[in-house]
Amino acid sequence: MTAIAPPIPPLALDTPGALSIRGLNKHYPIDGRRLPVLQHIDLQVQPGEFIAIVGASGCGKSTLLRLIAGLETDYEGQMQLDGKPIRGPSLDRGMVFQDHRLFPWKTVFDNIALALKHSRLDKAHVAARVNEHIALVGLQGFEHAYPHQLSGGMAQRAAIARALITQPKLLLLDEPFGALDALTRVRMQQELQRLWIQQRSTMIMVTHDVEEALYLGDRVIVLEPRPGRIRHVIEVGLAHPRERNAARLQSLRQEILGQLLSQAGH
Amino acid sequence: MRRAFNGQPLLWLLSPAALLLAWALAANSGAFPVQLLVPPQAVYHSFTELLVSGELREHLVASLSRLGLGFGIGAVAGMAFGTAMALSRNVEAFCGPLFHCVRQIPSIALIPMFILFFGVDDVFKVLIVTKAAFFPVALAACEGVRAIPRAYFEVASLYRLPLRSLLTEVALPAAAPTLLTGLRIGLSRAWMVLVATELLAGDIGLGQLIEMSRQMLRIDLVMVGVLLIGLIGFCLEGGFHLLEKRLLRWKPL
Ligand SMILES: Nc1ncnc2c1ncn2[C@@H]1O[C@H](COP(=O)(O)OP(=O)(O)O)[C@@H](O)[C@H]1O
Ligand SMILES: [Mg+2]
């Protein structure tokens, strides 16, 4: 059940961010019929764990994250974060999308500050927290830039800062680097790993890049399409930060690619 | 075109200057009766006379206050109705077809009926202006609100944005580009139809200045009115463009 070599020191029992999913089913109504999208998903995520999810496109990865985020509330089964059932969006679950989803009419600073609107902090505290998070993702000097003035990687950094500023127990990432060029992607993966080690929050990341999943994930979950089911759970078992071309990652990569390709004919 | 405009700020003066020159040459050539083709200097002279006597001011105040009132009411009502239609299926179902039908009636076509109902005074003029502003604004508000991507609302709900922020910081700016275009079109139409109502009836206003001057065969004063109407319309639209540019400075060019 547990990782072969725990990637991070054992966590105190009260560390938040434990996600429990039991018997999750999700249907979408299509042409008056109920199309199963996710079937019998069981997943226990430890506090501070990094889960990577891979699977063919259309197999329900985004749907799973949207369910956990609370953006979809119509499902069967149980989902709990730290024992509390998930019924809708909450500030203890953050989400980053493939498109950065920054508001184009707000500057980087204001986009990030918007996430704190709910907490009704005074201006000085908001400014301090926002600047701290801008520094955290390395966007100093771009506080007053509008999203269209940023590169894809910078916009995604801003989106990550916005998601982290509320200090969510669980951060959901839906192919966050999918639209970036290869070099930027590698850099962003390192940054994300650094943030994760710093923040210690639980993270679940969907990706179609198997290497990315293996580089970041404590466990890699392989989904199978139509309907989406968990086909395999792979314990990576290497400490962070990792060597990109470690032999174990190479062999796991072959294994996962093999599993994904064997689905393709199906 | 925009680039030439920016690079050479005075280039645009060329065409009005050429027109003015042609007008001056033709009018002073003696080929046309002076009562019909008044030379520019005479028009300018009449303009300063009207200005000094304070008569022009009265006409301007009358026209612009009707415009302000009618456009204000029409724009506010249009935004409210357009938003309601975008958000509520019931409003759309009950009022949509009627709205889209009445929208097709040119404001000018309503003038005779409105005169019968409301007389020829300010009420009728303001109402016609209100109608002219209402429809483009309502349409723009409806389309602007409907086109707000669902993704924006998802982000707002993820961060539990308070309703006030949701409306003023997300929904309004998202709909603003469409809405502002609608307001600009509404303002321009309102101005044009106002002049038409003033031409037909009343005792004061720029349109009435033209009509009274025509009856007295004072073509110079007619020209003053016509030129002012064009100039004011140009300034209104230009001012609105500047406002749009300022409010939408976040948009990529
Ligand atoms: N709102 C929706 N209504 C109907 N079907 C949907 C909806 N969202 C997703 N689906 C369907 O559910 C399946 C899974 O979608 P998604 O979770 O986006 O897949 P993935 O992220 O793995 O590519 C797809 O077949 C998609 O067509
Ligand atoms: Mg997806």
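This is a predicted model: local features need pLDDT of at least 70, side-chain atom pairs count only at pLDDT 80 or more; totals for chains, interfaces and linings use all residues.
Pro177(B) touches Leu248(B), Trp250(B) and Lys251(B), leaving aside residues up to four places away in sequence.

**Around Pro177(B)**
- Pro177(B) sits in helix H9 of chain B, which covers residues 163–200.
- Its relative accessible area is 16%, under the 20% cut-off, so Pro177(B) counts as buried.
- Lys245(B) is 68 residues away from Pro177(B) along the chain, yet the C-alpha atoms of the two are separated by 9.9 Å.

**Around Ser15(B)**
- Ser15(B) belongs to helix H2 of chain B, made up of residues 14–28.
- Is Ser15(B) buried or exposed? With 53% relative accessibility, a value over the 50% cut-off, Ser15(B) counts as exposed.
- Between Ser15(B) and Ile204(B) there are 32 Å in space, C-alpha to C-alpha, and the two are 189 residues apart in sequence.

**Chain B: fold and surface**
- Chain B has 11 helices and zero strands, so if you follow the elements from the N terminus on, you read α-α-α-α-α-α-α-α-α-α-α.
- Taken along the principal axes, the C-alpha atoms of chain B fill a box of roughly 75 × 55 × 30 Å.
- Of the 253 residues in chain B, 42% are buried.
- Among contacts in chain B with a separation of 6 or more, 71% are between residues 24 or more positions apart.
- Chain B carries 20 positive and 15 negative side chains, with 13 Å between the centres of the two sets.

- An unreviewed UniProt entry places the feature "domain: ABC transmembrane type-1" at residues 56–240 of chain B.
- In the model, that span is 85% helix and 0% strand, and its end C-alpha atoms lie 24 Å apart.
- Which residues of chain B does UniProt list for "transmembrane region"? The unreviewed entry gives residues 67–88, 100–120 and 221–243.
- Residues 67–88 of chain B are 95% helix and 0% strand, with 31 Å between the end C-alpha atoms.
- Residues 221–243 of chain B are 100% helix and 0% strand, and here the end C-alpha atoms are 33 Å apart.

**Chain A: fold and surface**
- Chain A contains seven helices and 10 strands.
- Why can the size of chain A be said to agree with a compact globule? A compact globule of 266 residues would have a radius of gyration near 18 Å, and chain A has 18 Å, so the two agree.
- Along its principal axes, the C-alpha trace of chain A spans about 55 × 50 × 40 Å.
- Buried residues account for 54% of the 266 residues in chain A.
- If you take the contacts in chain A between residues at least 6 apart in sequence, 69% of them join residues at least 24 apart.
- Chain A exposes about 12000 Å², with carbon and sulfur atoms supplying 53% of that area.
- The 30 positive and 26 negative charges of chain A have mean positions 3 Å apart.

Technical notes: Residues are numbered from 1 along each chain as its sequence is written. Chains are lettered from A and ligands numbered from 1 in the order in which they are written. Side-chain values use heavy atoms; hydrogens and water are left out. Helices (H or I, at least four residues) and strands (E, at least two) are DSSP runs, numbered from the N terminus. The radius of gyration is taken over C-alpha atoms; the globule rule is 2.2 Å times the number of residues to the power 0.38. Buried means under 20% relative accessible area, exposed over 50%, partly exposed in between (1.4 Å probe, protein chains only). Contact means heavy atoms within 4.5 Å. Accessible areas come from the Shrake-Rupley method with a 1.4 Å probe; for residues, only the protein chains shown count as cover. Lys and Arg count as positive and Asp and Glu as negative; His and the chain ends are not counted. The place of a charge is taken as NZ of Lys, CZ of Arg, CG of Asp or CD of Glu. UniProt positions are given in the numbering used here, feature names are shortened, and annotations may be inferred rather than shown by experiment.
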